[in-house]
Amino acid sequence: MLNLERRTRKPSLLAGLGGLLAATAVGLSAYASHGIADPLAQSHVTTAALYAFGHGVALAVLGPTQQNTLGRLALYVLLIGTLLFSGSLVAGALWKLSTQLAPVGGTALMVGWLAYGLNALRR
């Protein structure tokens, strides 16, 4: 009655990176709440953490499910977009670096989600 055979699964790089992204986001959120006094910088880091957490969870859940090239490519675009968007906001808030990559990251997030949606409609 119980199927005790172990399924053969390949490790998912996207899922692993998604988990790391979500864990980092939790730390960023805590730091924003307890370690940043400037309200604008705190807001930017909180926004970066929110996007990193949400997209990290999406990658962790969706990464192992994608069997075709377009699906995996869409998720890698989401990963790159998250790193650019959130990374740019954090770098600007904490180290006063330019945030000019945030719009590029945001655009990549939109493209990634559109590609993922189109891939889902194709199946």
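In this predicted model, helix H2, which covers residues 39-62, packs with helix H4, covering residues 102-122, at an angle of about 30°, and the two axes lie 14 Å apart. Since angles under 35 degrees count as roughly parallel, H2 is therefore roughly parallel to H4. The crossing of this pair is left-handed. On the H2 side, the residues that meet H4 are Tyr51, His55, Ala58 and Leu62, and their partners in H4 are Leu109, Trp113 and Tyr116. Sorted by class, the contact of H2 with H4 consists of six nonpolar residues and one polar residue, with no charged residue taking part.

A second pairing involves H2 and H3. The axes of H2 and H3 come within 9 Å, and they cross at roughly 160°. Angles over 145 degrees count as roughly antiparallel, so H2 and H3 are described as roughly antiparallel to each other. The H2–H3 crossing is left-handed. From H2, the contact draws on Ala41, His44, Val45, Thr47, Ala48, Tyr51, Ala52, His55, Leu59 and Leu62. From H3, the contributors are Leu75, Leu78, Leu79, Thr82, Phe85, Ser86, Leu89, Val90, Ala93 and Leu94. The contact of H2 with H3 comprises 15 nonpolar and five polar residues, and no charged ones.

The secondary structure amounts to four helices and zero strands, and the order of elements from the N terminus is α-α-α-α. Along the principal axes, the C-alpha atoms fill a box of roughly 60 × 30 × 15 Å. Of the 123 residues in the chain, 37% are buried. When contacts between residues at least 6 apart in sequence are considered, 71% of them join residues at least 24 apart.

The UniProt record, an unreviewed entry, places the feature "transmembrane region" at residues 42-62, 74-95 and 101-121. How much helix and how much strand does the chain have over residues 42-62? That stretch is 100% helix and 0% strand, and its end C-alpha atoms are 30 Å apart. Residues 74-95 are likewise 100% helix and 0% strand, with 30 Å between the end C-alpha atoms.

Two individual residues round out the picture. Leucine 50 lies in helix H2. Is leucine 50 buried or exposed? With a relative accessible area of 60%, leucine 50 is exposed, because the cut-off for that class is over 50%. Leucine 50 and glycine 112 are separated by 62 residues in sequence, and their C-alpha atoms lie 17 Å apart in space.

The other residue is lysine 96, found in the loop between helix H3 (69-95) and H4. Its phi is near 60°, a positive value in a residue other than glycine. Lysine 96 has a relative accessible area of 65% and is therefore exposed.

Definitions and conventions. Residues numbered from 1 in each chain as written. Predicted model: local features only at pLDDT ≥ 70, side-chain atom pairs only at ≥ 80, totals over all residues. Heavy atoms only, no water. Axes fitted to C-alpha atoms, helices over the stretch in contact; angles between N-to-C directions. Helix = DSSP H or I, 4+ residues; strand = E, 2+ residues; numbered from the N terminus. Parallel < 35°, antiparallel > 145°, perpendicular 65-115°, else oblique. Left-handed = near helix turned anticlockwise from the far one by under 90°. Contact = heavy atoms within 4.5 Å. Nonpolar A, V, L, I, M, F, W, Y, C, P; charged D, E, K, R; others polar. UniProt positions renumbered as here; feature names shortened; annotations may be inferred. Buried < 20%, exposed > 50% of the residue type's maximum accessible area, 1.4 Å probe, protein only.
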